[in-house]
Each structure stands twice: as structure tokens, then as C-alpha cells.
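Hi there,

Here is the structure I promised to pass on to you. Please have a look at it, and then read on for my notes on what turned up.

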Amino acid sequence: MDRVLRNKILVVGTGVLDFVRGVFKSCQLDFPQKLVDDELKKSNGSHSGIRIPWKITTKYYVASVDFWLDEMASDVDHKEVIKGYTDPDNGVGQVVDAFVYVFHKDNVKSFEGVKDWISFLDKYEPSIRLCAALPFKEEKKQDFEDIEEWCLDHQFEYVDMDEKTVEPLDKGGWDLAVDILQTNLWDGMKEHKSSHDKDDEQAADEELLRELQMLKLENERDQGEADMPSQSEINEMQKLLFNDLDKEDGLDKAFETMQALREQGKDLPDEERRKLAAKVALSFAAQLGV
């Protein structure tokens with residue numbers, strides 16, 4: 001008997017369809033509205049039970065996953081629904097590897113429902129726990145610190161869909177939610193191999209230049225606030241990033257190293273992070289003669 005793939009994303013709460021639409025928009029993919037309309041006809045307008053396929057394509061892998069939606073209406077006994085999901089006989093828990101709880105910031109009480117799902121999550125342990133706070137309908141300020149702390153205490157990634165990032169290399173809102181889902185090692189994923197033809201090389205060069213542009217923007221904005229790296233530090237960074245560039249996978253290694261440096265920078269104090277960004281940006285400029 002074939003092993004069951006854990007490649008489902010269970011999306012529950014209020015506004016589940018809005019969440020998935022936002023994911024497709026962030027990925028610049030056409031949302032399968034006809035498929036959803038057909039599903040809604042079958043379910044008499046209910047958003048519960050809708051399945052939406054999503055082909056994740058990154059620079060490194062391709063994976064076919066499904067969003068499983070369940071809009072938790074106010075007139076439904078949530079605990080009974082969750083009890084059904086937790087029952088091993090229905091097989092849901094065995095295939096879900098990402099759990100997304102969606103609530104509206106305009107209705108903070110809608111967040112409370114996530115707490116009832118802990119028994120399901122503890123039993124099946126999906127790799128991703130994501131809590132998505134949908135935007136306010138009208139711009140306002142409100143403190144969600146208690147919700148963020150609860151999410152942290154219960155291994156949830158909290159994503160505020162209203163969040164706008166200041167740093168070019170940071171992600172927030174829908175882009176951050178997509179990034180979290182794409183970092184998972186999905187069952188059935190396949191390596192995204194490059195054919196090394198002209199189009200691939202051009203696309204890689206364009207991506208490299210975009211990365212450089214963002215790094216330069218950050219460096220130019222911060223250079224008055226941080227100590228600039230020395231020439232020897234720039235040369236050392238250039239060697240780290242581009243020493244293997246002539247090899248077949250040299251460009252991929254450069255991207256991987258840069259991604260690792262980004263992650264490293266997140267844990268550094270602001271001044272050190274800015275200096276690291278400056279070293280990377282200036283080493284790119286030196287390499288490309290920009």
C-alpha cells in the first residue's frame with residue numbers, strides 16, 4: 001500500500017477564502033474562481049469542504065499541495081467539528097502538514113476559536129502552525145500583543161496581514177505567509193532543476209540584479225547610521241559569495257549563501273545587521289562592476 005502524502009493545508013476560522021486568494025495574489029497566480037464557484041454550488045454556498053490545489057514553485061523545488069477550507073460559522077458547534085477532524089478514522093490528520101487559523105482583526109473574539117484546535121494539533125503535529133490576522137476594514141490601531149504571545153507560546157507563526165515592511169529584504173503580510181508555507185519540506189516535492197539554457201541564465205541574472213538593487217537600497221539608507229565595512233571585509237565577503245561562481249552550481253550557491261546571511265542578520269543588533277547588509281551589497285557591486 002502506498003504511503004499517504006502529507007501535503008494538505010487545513011485552513012479554518014473566518015475568512016478562509018480571503019486568505020487563499022491572498023496567497024495566490026502574492027504568488028502572482030490566477031485564482032481558480034471557476035473551481036471555487038463549482039464547489040460552492042455543490043455545497044449550497046458553504047465554504048466548508050472546498051479544496052483548492054496549489055502548485056508551489058520555488059527556485060529549489062516544485063510541490064503539489066491542496067488547501068482544505070473550513071469556514072467556522074457562528075452557528076456551528078466548533079468542538080464537535082474539531083472532534084470529527086481529530087478522529088483517526090477520517091484520515092484528515094494523517095495528511096495535513098500545515099494548519100492555518102484565520103481571524104478578522106475587526107472581530108478579535110474570532111481569534112478565540114484557535115484554542116479549541118490544540119488537541120488536534122498536539123495529536124497530529126503538522127509541521128506548520130500559522131495564525132493569520134486579516135486586515136482591518138478601516139485603518140485603525142489596536143494592540144494584539146496578547147494574541148502574539150499566545151501564538152508564540154503554542155508554536156504558531158503569527159502573521160499580521162496589515163503589516164508593511166520597511167526593510168526591502170524583509171517580508172510581511174501575505175508575502176510572509178507564503179514564505180512560511182514554502183519553507184516546509186512537503187511530501188512529494190521534487191527538485192526544481194535548471195536546464196541551464198539561455199532563458200534560465202537570463203532569469204538568474206535578472207534575479208541576481210534585483211537582489212543587488214534591494215541590498216544597495218538598504219545600504220544607501222543606512223550608511224550614515226553604521227560603520228562602513230573595510231575593503232578587506234568587502235573582499236572577504238566577495239570571496240565567500242563568488243568563489244565558486246564559475247562552477248556549474250556556482251550561482252545557486254551564491255543565492256544560498258546570501259539567504260543564509262539574511263537569516264543570520266535577523267538575529268543581529270541593528271548596527272551589525274546594517275554592516276552585514278553593506279558588506280553583501282558592496283561585494284555584489286565589486287563583483288559586477290556596478
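Strand 1 (residues 8-13) pairs with strand 4 in the parallel sense, over six bridges. Pairing here requires at least two DSSP bridges between the two strands, and the elements themselves are DSSP runs numbered from the N terminus: helices are H or I with at least four residues, strands are E with at least two. One example of a bridge is isoleucine 9, whose partner in strand 4 is alanine 98.

Before going further, a word on the basis: this is a predicted model, where local features need pLDDT of at least 70 and side-chain atom pairs count only at pLDDT 80 or more, while totals for chains, interfaces and linings use all residues. Residues are numbered from 1 along each chain as its sequence is written, and side-chain values use heavy atoms, leaving out hydrogens and water.

Strand 4 also runs parallel to strand 5 (residues 128-134), and seven bridges join the two. Among them, valine 102 has alanine 132 in strand 5 as its bridge partner.

How enclosed is strand 4? Eight of its nine residues (96-104) are buried, so the rest of the structure largely encloses strand 4. Buried means under 20% relative accessible area, with a 1.4 Å probe and protein chains only. Across the protein chain, buried residues are 40% of the 290.

Now to the helices. Helix 1 (residues 16-26) packs on helix 7 (residues 173-182) at about 85 degrees, with the axes 9 Å apart. Axes are lines fitted to C-alpha atoms over the stretch in contact, and angles run from 0 to 180 degrees between N-to-C directions. The two helices are therefore roughly perpendicular (65 to 115 degrees). Helix 1 brings Asp18, Phe19, Gly22, Val23 and Ser26 to the contact, and helix 7 brings Trp174, Asp175, Ala177, Val178 and Leu181; contact means heavy atoms within 4.5 Å.

Helix 9 (residues 231-242) and helix 10 (residues 250-266) pack at about 125 degrees, with their axes 8 Å apart. Here Met237, Leu240 and Leu241 of helix 9 meet Ala254, Thr257, Met258 and Leu261 of helix 10.

In total, the protein chain has 11 helices and seven strands.

Best wishes

Methods:
Buried means under 20% relative accessible area, exposed over 50%, partly exposed in between (1.4 Å probe, protein chains only). Angles under 35 degrees count as roughly parallel, over 145 as roughly antiparallel, 65 to 115 as roughly perpendicular and the rest as oblique.
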